[in-house]
Amino acid sequence: MRGLLLALLALPLTAADVVIQNAKVLTVTKGEFTGSVVVRDGKITEMGPKVMAPSGAKVVDAGGMYLMPGIIDCHSHIAADAINEGSVSVSSMVAIEDVLNPEDIDIYRALAGGVTTANVLHGSANAIGGKCAVLKMRWGKGAREMIFQGSKPGIKFALGENPKRRGSPSASPIGGSPGNLRYPATRMGVEDVIREAFTEAKAYQAEWKAYQAKQILLPPRRDLKLEPLVEILEGKRLVHAHSYRADEILMLLRLADEYGFKIKTLQHVLEGYKVAKEIAAHGAGASTFSDWWNYKVEAADAIPYNAAIMVKKGVLVSLNSDSAELMRHLNQEAAKTMKYGGLTETEALSLITINPAKQLDIDSYVGSIEPGKQADLVLYDKHPLSNYARVQKVWIDGEMYFDREKDMSDRAAREGRKKTLLEKQRRAQQEQKKNVPFRRPQ
Amino acid sequence: MRIFLLAVLGAGLVFGGADDTFLIRNATVHPISGPSVENASVLVKDGKIAEVGVKIAAPKGVRVIEGKGLHVYPGMIDSATQVGLSEISSVRETNDTGEIGEFNPQLRAVTAINPASEFIPVTRANGTTTAIVMPGSAGGGGGGGGELQALLGGQSSYILGQASLVNLDGWTWEEMEVRRGAALQMRLPQMPQSLGRFAALLGVEGPGGNMAEARRRLEQQKRQVASFFEDARRYQKAKVAKDAGFKTDLRFEAMLPVLEGKLPVMITATRERQIREAVAWAEKEKVKLVLAGVREPGKMAEELAKKKIPVIVGPTLALPLDDDDPYDAAFSLPAELHSAGVPIAFGSFGNQFARNLPYQVANAVAFGLPRDVALKAVTVTPAEIWGVAGEMGSIEPGKLANLMVTDGDPLETRTQVKHVFIRGKAADLETKHTRLYQKYLARP
């Protein structure tokens with residue numbers, strides 16, 4: 001009974017069919033056209049200059065505005081109550097999924113910036129970090145319902161300055177208290193931490209294999225730290241590795257080659273342009289900033305041409321935000337790759353749609369406007385690669401989650417509600433003062 | 001070899017004359033001070049704009065730049081940066097933004113500007129020709145650490161130093177200098193808003209906690225600021241009266257132009273109450289006020305308009321202050337201030353993203369700021385605010401030839417900046433970034 005109730009709750013509130021017509025549709029993978037997109041049961045069923053609208057479908061006149069696939073941010077830290085388990089060098093036993101906060105206002109703000117899916121990552125305090133969660137920005141729903149069904153599990157790795165910071169007596173630590181030294185303190189140590197962990201994981205994997213082959217009778221003791229690493233070795237968990245400098249990028253690729261696993265994406269990867277050939281050869285994706293630079297030493301050689309060079313050298317590239325603010329204008333970040341390096345409009349839009357979808361192994365569901373894909377769509381009033389463009393409406397699975405008109409028209413009511421609540425709080429405080437003459441000891 | 005020689009000779013013929021004298025022709029000229037003109041020319045002589053119009057013949061021997069398909073705008077003025085004062089924000093040794101001490105009016109940003117900073121060519125390459133470079137938070141050379149130290153020490157900086165106005169080109173800071181002192185950078189004492197985990201250390205535990213102590217501290221700090229200004233006035237009188245025993249004091253000396261109303265005071269004030277306090281304080285002290293960091297002007301917008309107090313807005317691409325603020329609060333703030341009648345100029349408030357100033361401006365346009373006002377807010381309006389309207393900010397005869405030449409709308413990211421002229425000299429558009437791009441694109 002309880003299960004049934006939960007199942008009912010999980011159903012979309014408005015599963016109505018939608019036809020978005022009179023739109024300039026930027027499909028990203030199938031060119032552009034002016035016409036309609038038909039959505040049934042949360043999926044795109046038909047598109048083109050002329051379509052058959054299903055009877056009873058809700059019709060949205062786009063008024064000639066631009067419709068593109070929902071933006072996918074491959075690196076975010078919103079909607080989570082905790083980011084870094086920084087007390088250990090390998091924190092693969094922890095998971096972002098366990099600390100999701102579906103009430104983080106940044107989810108709504110991301111929606112208002114056209115983002116429909118985000119890879120919420122553990123922080124970069126340790127060489128091997130925690131497990132990440134791919135979320136759909138289903139604002140208003142519970143934590144479970146935000147999780148992208150069918151997305152592949154992932155994990156965060158981190159190289160360079162951040163994971164070695166806890167080894168420095170002077171620097172401010174990430175996720176720890178000062179004076180509490182932790183190995184590693186160098187890039188050499190970072191490599192060693194990863195190598196030690198995978199050596200252990202291989203032995204652990206072998207134990208389980210031996211048990212499954214009935215070579216040993218007792219099952220090995222479960223190790224929650226090593227299990228995710230075994231999943232990596234078996235290709236069941238995607239590695240997203242925070243990295244900056246060319247040397248550390250190459251180190252990780254070679255280490256992964258040696259242990260027989262793949263790096264799914266290099267995150268930040270600001271010197272990726274220096275080893276683009278090697279990244280492409282390994283088959284790793286690169287998820288970078290458009291133009292961040294010089295905020296730390298390992299970002300001194302960061303250039304805004306990074307994405308374009310890597311694209312030209314055959315790397316699968318996406319642009320990410322790592323910031324609740326930047327997340328709201330990834331379309332404008334994409335435009336920067338046209339300015340710096342001369343990518344085409346479609347290449348630029350790919351960096352925030354189909355490419356991050358591929359990097360998260362969700363491209364069969366989202367990342368472009370194509371029949372059969374989930375109806376995650378964004379309507380902009382101008383071409384999304386223009387700085388003057390503003391998000392008007394956002395759909396996830398065909399359900400409207402953001403509507404600028406509604407946001408604007410609701411503002412007065414929201415302001416009123418806030419005033420009422422503040423007044424209520426003020427009164428409650430007054431009452432409390434009257435009744436409890438307690439003052440905190442000083 | 002022969003071809004090379006011919007090329008050099010040819011270039012010599014075309015590019016004759018002094019390097020700060022040239023003609024841009026057949027371009028669309030946007031003077032900002034007046035309507036845009038198509039197929040127009042701009043004649044620059046000795047670093048200054050000599051003539052603007054449709055029928056200008058190139059004087060003999062003058063270098064001609066073909067402007068077909070191009071647009072000529074005044075170079076942008078960024079009204080809030082720390083370019084040259086801070087290189088890598090996380091490395092203390094590269095930061096010269098924040099000095100120790102409560103009152104430092106004698107500090108001048110300009111002499112600490114590193115003219116070899118990578119931020120200078122990178123910012124310039126996107127069309128910003130002139131920038132305010134301002135001192136920042138207290139102690140530790142800059143960054144958040146110093147500010148925390150100041151908090152924990154129970155003291156803060158109120159007068160941070162003098163912001164300087166500089167052109168983003170020059171072999172030395174002296175060649176970059178436009179105004180050594182453009183504004184006195186100040187922060188007024190404030191009630192701690194949210195100190196989080198540091199609150200306990202300060203003995204201030206928020207509402208219901210040790211508010212009385214916080215108020216007492218605030219009043220004390222306000223008196224400290226007031227008495228510094230009183231002392232400065234006494235010094236001024238003593239100097240004018242040539243009092244016996246008058247001794248030069250560099251701090252008070254630096255205060256004279258402020259007291260005379262020649263040097264504006266730039267104060268960071270975020271919310272309505274802080275803005276009200278800053279305005280009241282400036283009126284009481286009779287100083288010229290410029291506000292920065294405004295985020296929630298509320299009813300004060302009308303006051304600022306009435307009193308013609310300019311606001312340096314930015315960064316536009318910012319999160320709202322509070323969870324329940326409209327998502328676009330920062331995007332639409334410039335429009336809100338403008339429609340109330342407040343004079344606005346844009347600042348990037350940083351170094352890393354100073355090159356994105358035009359895109360910050362474009363976002364304000366997307367959320368309601370008229371485009372012509374937006375362009376003025378990076379050209380003529382800041383020139384007025386910083387007292388250099390006679391020298392720059394528009395394309396008019398007599399003004400410095402600080403120009404950007406683009407292949408389209410300068411507020412759009414996709415637009416390329418083709419030329420930048422500073423004091424009539426073609427600025428190098430090559431940067432560390434373009435060099436690394438060429439080098440690694442060519443990697444076999």
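The contact between the two chains draws 36 residues from chain A and 32 residues from chain B. This is a predicted model. On the side of chain A that touches chain B, helix H2 (105-111), helix H10 (330-339) and helix H13 (404-435) of chain A each supply at least two residues. H10(A) gives the largest share of that side, five residues. Sorted by class, the side of chain A that touches chain B holds 19 nonpolar, six polar and eleven charged residues.

His433(B), Tyr437(B) and Tyr440(B) are buried in H14(B). These three residues span an arc of only 85° around the axis, so they lie on the same side of H14(B). Arg435(B), Gln438(B) and Lys439(B), on the other side of H14(B), are exposed. The cover over the buried residues of H14(B) includes helix H9 (306-312) of chain A and helix H2 (119-124) of chain B.

Within chain B, helix H6 (residues 211-240) packs against helix H7 (residues 250-259) at an angle of about 90°, and their axes are 9 Å apart. H6(B) is therefore roughly perpendicular to H7(B). From H6(B), the contact uses Asp231(B), Ala232(B), Arg233(B), Tyr235(B) and Gln236(B); from H7(B), it uses Phe252(B), Met255(B), Leu256(B) and Leu259(B). By class, six nonpolar, one polar and two charged residues make up the contact of H6(B) with H7(B).

In chain A, strand E15 (residues 391-396) is mostly covered, with six of its six residues buried. E15(A) pairs with strand E14 (residues 377-380) of chain A and with strand E16 (residues 399-403) of chain A. The two pairings are listed below.

| Strand pair | Sense | Bridges |
|---|---|---|
| E14(A) and E15(A) | antiparallel | four bridges |
| E15(A) and E16(A) | antiparallel | four bridges |

Leu377(A) stands opposite Trp395(A) of E15(A). Val394(A) stands opposite Phe402(A) of E16(A). Side chains in a regular strand alternate between the two faces of the sheet.

How many residues lie between E15(A) and E16(A) in the hairpin they form? There are two residues between these strands, and Asp397(A) in the turn has a positive phi of about 50°.

Definitions and conventions:
Residues are numbered from 1 along each chain as its sequence is written. Chains are lettered from A and ligands numbered from 1 in the order in which they are written. This is a predicted model: local features need pLDDT of at least 70, side-chain atom pairs count only at pLDDT 80 or more; totals for chains, interfaces and linings use all residues. Axes are lines fitted to C-alpha atoms, for helices over the stretch in contact, and angles run from 0 to 180 degrees between N-to-C directions. Angles under 35 degrees count as roughly parallel, over 145 as roughly antiparallel, 65 to 115 as roughly perpendicular and the rest as oblique. Two residues are in contact if their C-beta atoms, placed from the backbone, lie within 7 Å. Ala, Val, Leu, Ile, Met, Phe, Trp, Tyr, Cys and Pro count as nonpolar, Asp, Glu, Lys and Arg as charged, and the others, Gly among them, as polar. A residue is buried if 20 or more other C-beta atoms lie within 10 Å of its own, exposed if 12 or fewer, and partly exposed in between; C-beta atoms are placed from the backbone. The arc is that of the directions from the helix axis to the C-beta atoms. Two strands pair if DSSP finds at least two bridges between them.
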